[in-house]
Amino acid sequence: MEQFNCRRTRIGDGIWFNSVVDGRYKTNRISVSLILPLERETASVNALIPGVLRKGTKSCPDFTEFSKKLAMFYGMRVGYGVTAVGDCQVMTLSADVIDDSYALNAEPLLKEAGRILAEVVLEPVMEEGAFRETDIELEKQSLIDLIESEINEKRYYALNRAMSVLCAGEPAGVNKYGYIEDVKKISPRSAAEAYAGLLETARIEVMFVGCGDPNQAKQILEQAFSEIKRNPRRFDVFTVKKEAVLKEETDRMNVAQSKLVLGFRTAVRPDDEAIDAVRLMLALYGGTPSSKLFLNVREKMSLCYYCAARPNVSKGLAFVDCGVEHQNIEKAKAEILRQLDCIRNGEFTEEELQHAKLSMVNSFRSVGDSAGAVEGWYLSQVLYGTQNSPEAEAEKIAGISRDAVIQAAVNMKLDTVYLLTAEDDAEKGGKA
Amino acid sequence: MEYQTVRDEKLKESYIEYTHSSGLKVFLYPMKGYSTAYALFGTKYGSIDTCFKTDSDDDFIDVPEGVAHFLEHKLFESEEGDAFTLFAKTGASANAFTSFDKTCYLFSCADHFKESFGYLLSFVQDPYFTAQTVQKEQGIIGQEIRMYDDEPNWRVFFNLLTALYHKHPVRIDIAGTVDSIARIDDKLLYRCYHTFYNLHNMVLAVAGNFDVDEAMAVIDEKLKPAAAINIERKTVDEPLTVAKHDAVQQLEVAIPLFNIGFKEQPESRMAMLKAEIELEILMKVIAGSGSALYRRLYDSGLINDSFECEVHSGRGYLSCIFGGESKEPRRVYEELLKEIEHFRKEGIPAEDVERVKRSVYGKAIRGLNDVDDVANLLVSSYFEGVGVFDLIHTAAGVTPADIEKRFSFSLQADRSAISVIEPVKQ
């Protein structure tokens, strides 16, 4: 079994540096994640911060010049984003660059990436204690556009809506990007205050994944973070509710295909050993092309192109989603629930179980080949408070019993039925 | 069989290339330190191959739109069952995709490479279509098409292609339409299969963690020798002018989406690769995030972070596409045309070319990071008729003079079009 090969060092009060060094990559990637509870009051302004920070630094305040500088380092990428993990909002900034050995003029690219990232996070452009008004106004609009454009991808829109209905009243029910009316109220000063609060109180996880020497980045970031005032907040990354209360929600829109999402509570925490059985059960149910949902709802009944089940590990939830013709919604829903009952009743063969295991083992053993997947994996481990390498996880999956899978299915409770469908009950046929 | 080891001293990369006795071109690219292997079995057959004949056919056949994609779905089925059930035995993750000019079958695995590799080679060589299985698939693909009907990013792109191209089949949807796939039957699938799934028209590429000798042994065992085939594809006489300058559709979106396209003269082999790289550099000099235009558009709220540009190219088509979201897409179009004119007068600054070239080179290096990217690069380079590392070295060697020359005949306003997805009017 391969070791947990992520090295973790404390580099400040509530600040951690995690590194995975692997010769197979041709790049080095460093990210800084600022983690705080997801709260309606702060979600919008927190979500705005990464977009403002990535636009320049005190030493290179002009966005165009900053972009040019990154391009000269062979297209170094300064990335920014917001994700939700459990009950938390995670604001991430990253720098990603090809390894020094590929530089055409021997530039120290990894060191530059560390310096640039430290400046992006800690030395933004400020005027009299506030962000620049133009930056704030432009990034507010950009964030509003992002929130509004969530409806463009109907499948993900439906999944997000199901999540917010299912978790209504919980922190996880708050939109990670915030709300348009709240974004509009942000001022250069209120954003600066939120930024200061973020640096002072957030839990900070730095991740390094690459083929270079992580100490080059570590020293720079450790030094940079030592100069800020810290007073980290204490909070739980996740809470898992057990009770399910059946909710039904329908949105109507001018769409050709309806989207059905079923949201379940698995009642299992990410740091609970039973989580592996939940994952395996969901793979058997609808996680692979040999799963119950794929073989029945798609292949046998020809109702859908996609019909899949997946967990939200950090919240003890699971979702099944499909795209289906309006008149087939009830048929699809009945079959999806019937297949779950089959698993609850133990109606699956040893072979089916073995196939689900093999598929999961394969996906765990594939994590290491992608620097992005490795970063995501270890950040999750750190946030869940677990210490599993993908290889260790693969071994655990292989040992799960049939009964544990049945039990996971029995414990799974339907909570939310979300439907996105056409304006009226008639099926929408035309397109322009 | 002549095995050739292709080595790149600068990049310290190498792979094996040979033509198997069956007629199939093979690329084996082992990658040290990786856990997974990724195998691609592809045919030079995509949605644009709508009219063709072989030497044994009397006449050209026109096939309904979406046949290549339909065939991709159906090939997973054999008399014994679904190919997915084979891969389920090894845990490998199998899939397939159809693009404009190729269809590829693939799997990725960390263990049991030999078995999965055998399955891949077998099922692609073993067609089985019946009237009943074809009918079943019409329901599934029908839902796939309906899903894309609702995807504004997909629609805006295809509406642009419809505007740019008069006749070239790149203008039709890869999956076809609900009506066109209703005209597909088992006989037609067999005819297309026996034309394009001849090993002489195909390529096999494996990258990542696998044993070369083991892979070669499986290839020897599984490949059925095929008589060479000569496929004639009817090429359309596509003018450089655009079919129309404007395409609009309404869908459920909050902010209008746009694609602005410039039709370019397609080339082949190295000339095409050079064109792709030079156009990418040119587009980024004019409208990339380090450009004055990007800054002006962003600061005036005309574009947001979704703005991007890319070269769209393949067999017989080449275009430059700028896309994103904007409340006033037509003003973005105007500003872009103005900026192009500005560069025509002032010339392209050499330092801009140098800068953008470096980021294009960096992107090409990143392309060797993942096993799937490497396997895909092997297949697309082969079908394009260029070497795998040509992209990286050509990118590193571009000069400002190359870009000036390219610019003198590209990004022409009269060969451009805009496609817009507007919010549904209430």
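In the predicted model, the contact between the two chains takes 57 residues from chain B and 53 residues from chain A. On the chain B side, two or more residues each are given by helix H2 (83-88), strand S10, helix H4 (131-149), helix H5, strand S13 (246-251), helix H10 (292-299) and helix H12 (350-366), and the largest share, nine residues, comes from H12(B). By residue class, the side of chain B that touches chain A divides into 20 nonpolar, 20 polar and 17 charged residues.

Within chain B, the domain assignment gives domain 1 (4-233) and domain 2 (246-423), the C-alpha centres of which lie 28 Å apart. The contact between these domains takes 38 residues from domain 1 of chain B and 32 residues from domain 2 of chain B. On the domain 1 side, strand S3 (25-30), strand S4 (37-43), strand S10 (103-109), helix H5 (152-164) and strand S11 (202-208) of chain B each supply at least two residues, with the largest share, 10 residues, coming from H5(B). The residues of this side of domain 1 comprise 23 nonpolar, eight polar and seven charged.

The largest nonpolar core contains 281 residues, of which A:Met281, B:Ala39, B:Ala375 and B:Leu378 touch the most other members; helix H9 (residues 269-287) of chain B gives the most to this core, with 10 residues. When neighbours within four places in sequence are left aside, B:Leu378 is in contact with B:Phe27, B:Tyr29, B:Ala205, B:Ala207 and B:Val388.

Technical notes
Residues numbered from 1 in each chain as written. Chains lettered and ligands numbered in written order. Predicted model: local features only at pLDDT ≥ 70, side-chain atom pairs only at ≥ 80, totals over all residues. Domains from an automatic or database assignment. Contact = placed C-beta atoms within 7 Å. Helix = DSSP H or I, 4+ residues; strand = E, 2+ residues; numbered from the N terminus. Nonpolar A, V, L, I, M, F, W, Y, C, P; charged D, E, K, R; others polar. Core = buried A, V, L, I, M, F, W, Y, C linked by C-beta atoms within 7 Å. Buried ≥ 20, exposed ≤ 12 C-beta atoms within 10 Å, placed from the backbone.
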